[in-house]
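Q: Before we examine individual elements, could you explain how strand faces and helix packing are to be read?

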Amino acid sequence: MDRIRIAGPCTLSGRVRVSGAKNAVLPEMAAMLMIDGPTRLTNVPDVHDVTTMIKVLGHLGMQDLELRDGVLTAAGCEPSEPEAPYDLVRKMRASILVLGPLLARLGRAKVSLPGGCAIGARPIDLHITALRQMGARIDIEHGYVVASGTRLRGAQIRFDKQTVTGTENIMMTASLADGRTVLRNCAQEPEVADLAAFLNACGARIEGAGGATVTIDGVDRLRGATHAVIPDRIEAGTFLMAAAATGGGITVEACRPDHLGAVIDTLRRCGVQLQEQGDAITVRPDGPLRAVDAKTLPYPEFPTDLQAQYMALMTRARGDARITETVFENRFMHVGELRRMGARIEVEGQTATVTGPAPLSGAPVMASDLRASACLIVAGLQAEGETMISRAYHIDRGYEHVVTKFRTLGARIERVRG
Ligand code: EPZ
């Protein structure tokens with residue numbers, strides 16, 4: 001298994017380009033199951049989760065998918081197989097996003113239950129309840145969601161809790177259902193709005209995506225289209241925090257500053273100088289960092305996917321920063337690894353209190369999930385000496401060419417083949 005070695009400390013400088021958003025392209029790829037005709041997605045990141053989704057779609061009978069130089073093309077054949085097997089779904093929970101499109105296109109679907117993951121139980125009950133409200137019959141058998149229902153009907157649906165992939169799954173299903181669906185208490189993430197923009201380019205009739213209420217009028221078919229995937233705001237946020245953590249000055253390019261409002265506000269309150277220019281954000285060091293509390297919440301508030309990276313940054317700040325995780329019940333796996341590097345962190349319930357500044361020292365550490373591995377890179381860049389991150393495969397799931405990008409910013413970082 002690959003590892004990542006960092007020789008710290010370093011001061012990042014230069015420019016880095018953000019890739020397309022993993023959490024936008026995955027539902028857009030699942031939506032291809034419903035599209036009749038050639039489709040082209042541009043700005044597609046070459047990350048492992050995209051490769052896994054290509055395998056899932058290939059298994060469902062879509063043989064004509066090709067990713068080349070950030071462009072994903074599909075000729076648009078009808079899926080022939082309604083089953084997404086355990087062996088693929090266990091690798092990537094987002095595979096659950098094929099459930100709605102398969103049901104909408106074929107009238108039946110069999111998808112392995114994703115099961116829990118390092119950051120929480122992550123049930124899909126809200127997806128299932130909503131599909132049943134649209135007239136689907138759903139049974140859980142032998143670890144699989146078995147769904148059927150021809151020509152589902154529009155419904156009035158309120159999610160008990162904001163769910164990103166839940167909103168996306170139902171929005172896709174409703175695009176080919178009979179009549180109007182109104183979804184309330186929806187997830188408002190930019191990735192949800194980008195999926196709707198893609199579907200509307202394919203002939204869907206979706207309004208209000210990105211807001212709390214989304215209205216979908218079902219259509220008979222979706223035709224092919226070309227769509228550019230939005231930039232990855234979590235990748236952009238990771239680079240901003242890495243720069244601030246090393247006292248460096250960088251420019252993050254090809255991103256959407258408007259998708260990072262809460263993050264930019266928080267960093268500015270920490271004393272980080274940030275300048276937004278069009279599709280770029282420039283970070284400039286501005287003296288010692290102040291400790292600032294953060295609370296993760298659904299968009300547009302502070303994203304849970306940047307919580308771990310922010311914690312690594314706060315080890316360098318003056319004072320106590322209380323970081324509260326409200327989205328996932330078990331997303332502090334990185335705390336133990338940061339403590340191994342010398343961080344001072346107390347956890348009580350869903351709140352971690354980081355006391356700083358605590359100079360970090362390099363150490364062998366282990367990544368537990370995608371964002372925890374990004375956190376350990378941010379920590380390793382500011383630590384004294386060598387940090388060796390094992391289970392680096394986690395980072396490859398969601399960050400394109402991460403070692404190369406940090407190297408262009410001046411980091412002494414390399415991949416150690418396992
Ligand atoms: C999406 O996961 C993202 N994944 C996650 O990114 C992200 O952390 C999360 O949204 C929150 O922003 C993708 O888009 C592929 P949720 P998702 O449904 O949709 C509970 C990363 O690092 N819930 O919004 O699975 C759930 O347990 C990943 O890129 C139910 O109880 O998250 C959680 O506590 C990690 N029942 C909360 O809601 C349900 O049916 C929010 O989860 C669904 C969710």
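A: Let us begin with a term. A residue counts as buried when its relative accessible area is under 20%, and as exposed when that area is over 50%. Please note also that this is a predicted model.

Q: Which residues of strand E1 lie on its covered face, and which on its uncovered one?

A: In a regular strand the side chains alternate between the two faces of the sheet. In strand E1, residues 3-8, the covered face holds Ile4, Ile6 and Gly8. The uncovered face holds Arg3, Arg5 and Ala7.

Q: In which sense do E1 and strand E26 pair?

A: E1 and E26 (residues 413-416) are antiparallel, with four bridges between them. Within E26, Glu414 stands opposite Arg5. E1 is also joined to strand E25 (residues 385-390) by five bridges, again in an antiparallel arrangement. There, Ala7 has Glu386 of E25 as its bridge partner.

Q: How do helix H6 and helix H7 pack?

A: Two packed helices are described by the angle between their axes and the distance between the axes. For H6 (residues 164-175) and H7 (residues 190-201), the angle is about 15° and the axes are 10 Å apart. H6 is therefore roughly parallel to H7, since angles under 35 degrees count as such. Their crossing is right-handed.

Q: Which residues make the contact of H6 with H7?

A: H6 contributes Val164, Thr167, Glu168, Met171, Met172 and Ser175. From H7 come Glu191, Val192, Leu195, Ala196 and Leu199.

Technical notes
Residues are numbered from 1 along each chain as its sequence is written. This is a predicted model: local features need pLDDT of at least 70, side-chain atom pairs count only at pLDDT 80 or more; totals for chains, interfaces and linings use all residues. Side-chain values use heavy atoms; hydrogens and water are left out. Axes are lines fitted to C-alpha atoms, for helices over the stretch in contact, and angles run from 0 to 180 degrees between N-to-C directions. Helices (H or I, at least four residues) and strands (E, at least two) are DSSP runs, numbered from the N terminus. Angles under 35 degrees count as roughly parallel, over 145 as roughly antiparallel, 65 to 115 as roughly perpendicular and the rest as oblique. A crossing is left-handed if the near helix is turned anticlockwise from the far one by less than a right angle, and right-handed if clockwise. Contact means heavy atoms within 4.5 Å. Buried means under 20% relative accessible area, exposed over 50%, partly exposed in between (1.4 Å probe, protein chains only). Two strands pair if DSSP finds at least two bridges between them.
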